[in-house]
Amino acid sequence: MAIDDLLDEHEQGERVRSWLRNNGAGLIGGVVVGLGLIYGWQWWQTQQHSAAADAGRRYDAVVKGVEAGKLDDASKAMQELTASKSAGIYVDLAALDLAKAQVDAGKNDEAIKTLRGIHADGPLKQVVDQRLAKLLIESNQAADAAKLLADRQDGISLEIRGDAAQAQGKRDDARDLYAKALAQVAVGAPQRALLEVKLTDAGGTVPEPAEQI
């Protein structure tokens with residue numbers, strides 16, 4: 001091998017060593033960070049799966065308590081489920097099941113507390129609020145029910161608002177709300193007959209099908 005070639009190789013080696021001296025720490029740090037991210041992500045996924053499995057078990061405990069009629073046990077499991085960081089939708093579904101069982105057992109106050117503890121969003125929130133409003137009316141808290149659904153304009157909410165107004169002796173308001181609710185119910189729908197009775201009782205007149213909006 002020629003002297004010039006040896007010098008070139010030596011020079012290249014020095015350049016490599018120099019670069020490593022100047023950038024080695026950053027290179028090693030980048031590798032460490034990369035490995036840390038990989039292992040951190042894997043750890044996070046493991047934790048999430050574990051938390052979700054735990055939430056599922058607690059949800060099952062609530063359901064089993066409800067099915068067995070052991071509402072105290074179900075309520076305790078519900079509290080534990082609510083405290084879980086990854087309970088998600090499990091909390092809302094379990095609370096709805098528990099509230100229904102509490103109503104069936106005549107424990108309206110407990111059911112109201114359970115429903116008030118649900119922090120749902122979107123369509124589920126509407127369902128929860130409607131159930132809560134009905135229960136409030138049954139528990140002589142019609143004003144709270146009316147306030148809860150004050151801005152809701154769907155047919156079911158309008159009917160419940162009518163029930164709340166009727167319970168408060170606000171017959172004119174009830175009549176208007178029932179009429180608006182009826183306008184959203186198709187002719188022949190199962191719930192229409194009862195709504196027509198409510199409208200009539202409030203002093204309203206059931207319109208002919210052609211008059212429906």
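Glu80 is partly exposed, at a relative accessible area of 37% (buried means under 20%, exposed over 50%, partly exposed in between, with a 1.4 Å probe and protein chains only). Glu80 belongs to helix α2, residues 71-83 (helices are DSSP runs of H or I of at least four residues, strands are runs of E of at least two, and both are numbered from the N terminus). Its C-alpha atom is separated by 7.1 Å from that of Arg58, 22 residues away along the chain.

The model is predicted: local features need pLDDT of at least 70, side-chain atom pairs count only at pLDDT 80 or more, and totals for chains, interfaces and linings use all residues. Residues are numbered from 1 along each chain as its sequence is written, and side-chain values use heavy atoms, with hydrogens and water left out.

The chain contains nine helices and zero strands. Its pattern along the sequence is α-α-α-α-α-α-α-α-α. Of its 213 residues, 32% are buried. The exposed surface comes to about 13,600 Å², of which carbon and sulfur atoms supply 55% (areas follow the Shrake-Rupley method with a 1.4 Å probe; for residues, only the protein chains shown count as cover). Among contacts between residues at least 6 apart in sequence, 45% join residues at least 24 apart (a contact means heavy atoms within 4.5 Å).

The average pLDDT is 78, and 69% of the residues score at least 70 (pLDDT is the predictor's confidence in each residue, from 0 to 100). Helix α1, residues 3-67, has the lowest confidence, with a mean of 57. The highest is found in α6, at 97. Over residues 43-49 the pLDDT is below 50, and this stretch has one contact in the model beyond near neighbours in sequence. Residues 1-7 stay under 50, with two contacts beyond four places in sequence. Where pLDDT is low, the predicted coordinates should not be read in detail.

Helix α5 has 17 residues. Its first and last C-alpha atoms are 25 Å apart, close to the 24 Å expected at 1.5 Å a residue (the expected span is 1.5 Å times one less than the number of residues). The buried residues of α5 are Val128, Asp129, Gln130, Leu132, Ala133, Leu135, Leu136 and Ile137. They pack against α3 (89-104), α4 (108-116), α6 and α7 (155-167). Just after α5, Asn140 takes a positive phi of about 60°. Ser139 sits in the loop between α5 (122-138) and α6 (142-148). Ser139 is buried, at a relative accessible area of 17%. Neighbours within four places in sequence aside, Ser139 contacts Asn108 and Ile112.

Helix α7 has 13 residues, which should span 18 Å at 1.5 Å a residue; its end C-alpha atoms are 18 Å apart, in agreement. Its buried residues include Gly155, Leu158, Ile160, Gly162 and Ala165. The cover over the buried residues of α7 includes α5, α6, α8 (171-182) and α9 (192-201). Just after α7, Gly169 takes a positive phi of about 80°.

Seven salt bridges are counted (a side-chain nitrogen of Lys or Arg within 4 Å of a carboxyl oxygen of Asp or Glu). Arg152 and Asp129 form one of them, at 2.8 Å from N to O. This pair links distant parts of the chain: Arg152 is in the loop between α6 and α7, and Asp129 is in helix α5, 23 residues apart. Arg152 is buried at 18% relative accessible area, and Asp129 is buried at 6%. Lys125, Asp129 and Arg152 are linked in a network of salt bridges.

A salt bridge also joins the side chains of Lys198 and Asp163, at 3.1 Å from N to O. Lys198 lies in helix α9 and Asp163 in helix α7, so the pair ties together parts that are 35 residues apart in sequence. Lys198 is buried, with a relative accessible area of 18%.

Within helix α8, Asp172 and Arg175 are three residues apart, and therefore separated by about one helical turn. An α-helix has 3.6 residues a turn, so residues three or four places apart point the same way. Asp172 and Arg175 form a salt bridge, their closest N and O atoms being 3.1 Å apart. Asp172 is partly exposed at 48% relative accessibility, and Arg175 is partly exposed at 24%.
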